[in-house]
Amino acid sequence: MYWLTQKRELLFAREQLSGKPLSVHIDFMFAKERIFTKKGYLKKLDVSNRLKAIHDSLADALLTDDCFFVNISADKLAVKSKYEESATIRVEACEFTELI
């Protein structure tokens with residue numbers, strides 16, 4: 001969450017996104033050995049708990065409620081080593097469509 005550590009960018013994000021429906025996409029990058037067994041089967045690595053923690057932190061940083069996160073997506077990606085593990089977060093204002 002590098003951009004959130006920069007005060008000017010955080011203030012700009014708060015101003016631009018306040019009160020609008022938001023689309024949040026997160027790329028979780030984990031070392032390959034944390035995702036797959038040696039035989040190539042998926043290991044149990046729960047992304048949903050991490051997703052909720054990031055949503056709560058993001059809502060606090062943006063001074064908004066996470067009810068404004070109307071479009072949510074996440075990907076689990078493999079990287080070569082644990083030193084490359086990270087999360088990339090993209091937040092954008094979006095349209096909210098009613099189904100009638």
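Predicted model: local features only at pLDDT ≥ 70, side-chain atom pairs only at ≥ 80, totals over all residues.

User: Which exposed residues sit on the face of helix 4 turned away from its buried side?

Analyst: Residues are numbered from 1 along each chain as its sequence is written, and side-chain values use heavy atoms, with hydrogens and water left out. Helices (H or I, at least four residues) and strands (E, at least two) are DSSP runs numbered from the N terminus; exposed means over 50% relative accessible area, buried under 20%, and partly exposed in between, with a 1.4 Å probe and protein chains only. On the face of helix 4 away from its buried side, the exposed residues are N49 and D60.

User: How wide is the arc that holds the buried residues of helix 4?

Analyst: The buried residues of this helix are V47, L51, I54, H55, L58, A59, A61 and L62. Look down the axis of helix 4 and take the directions from the axis to the C-beta atoms. The buried residues line one face of helix 4, because they fall within an arc of 160°.

User: What distance does helix 4 reach from its first C-alpha to its last?

Analyst: Helix 4 has 16 residues. The expected span is 1.5 Å times one less than the number of residues. That gives an expected 22 Å for helix 4, and its reach is close to this, at 22 Å.

User: Which residues of the largest nonpolar core touch the most other members?

Analyst: A nonpolar core is a set of buried Ala, Val, Leu, Ile, Met, Phe, Trp, Tyr and Cys residues joined through side-chain atoms within 4.5 Å. In soluble globular proteins, nonpolar side chains tend to be buried together. The largest core here has 20 residues, and those touching the most other members are V24, I26, F28, L58, L62, I89 and V91.

User: Which element supplies the largest share of this core?

Analyst: At least two core residues each come from helix 2, strand 1 (22-31), helix 4 (47-62) and strand 3 (86-93). The largest share is seven residues, and it comes from helix 4.

User: Within what arc do the buried residues of helix 2 fall?

Analyst: Helix 2 has L10, A13 and L17 as its buried residues. On its other side, K7, R8, F12 and E15 are exposed. Seen down the axis, the buried ones line one face of helix 2, since they fall within an arc of 60°.

User: Which helix gives the most residues to the lining of the largest cavity?

Analyst: On a 1 Å grid over the protein atoms alone, a cavity is a set of points where a 1.4 Å probe fits but cannot get out, and lining residues have an atom within 4 Å of a point. The largest cavity holds about 40 Å³, a volume being the space filled by probe spheres set on the points, which are joined across faces, edges and corners. Its lining is made of A13, R14, L17, S18, G19, L62, L63 and T64. Three lining residues come from the top contributor, helix 2.

User: How far apart in space are K76 and F30, C-alpha to C-alpha?

Analyst: K76 belongs to strand 2 (residues 69-79). K76 has a relative accessible area of 34%, so it counts as partly exposed. K76 and F30 are 46 residues apart in sequence, while their C-alpha distance in space is 7.3 Å.

Key
1 Å grid on protein atoms, 1.4 Å probe; cavity = no way out; pocket = protein on both sides within 12 Å on 5 of 7 lines; lining within 4 Å.
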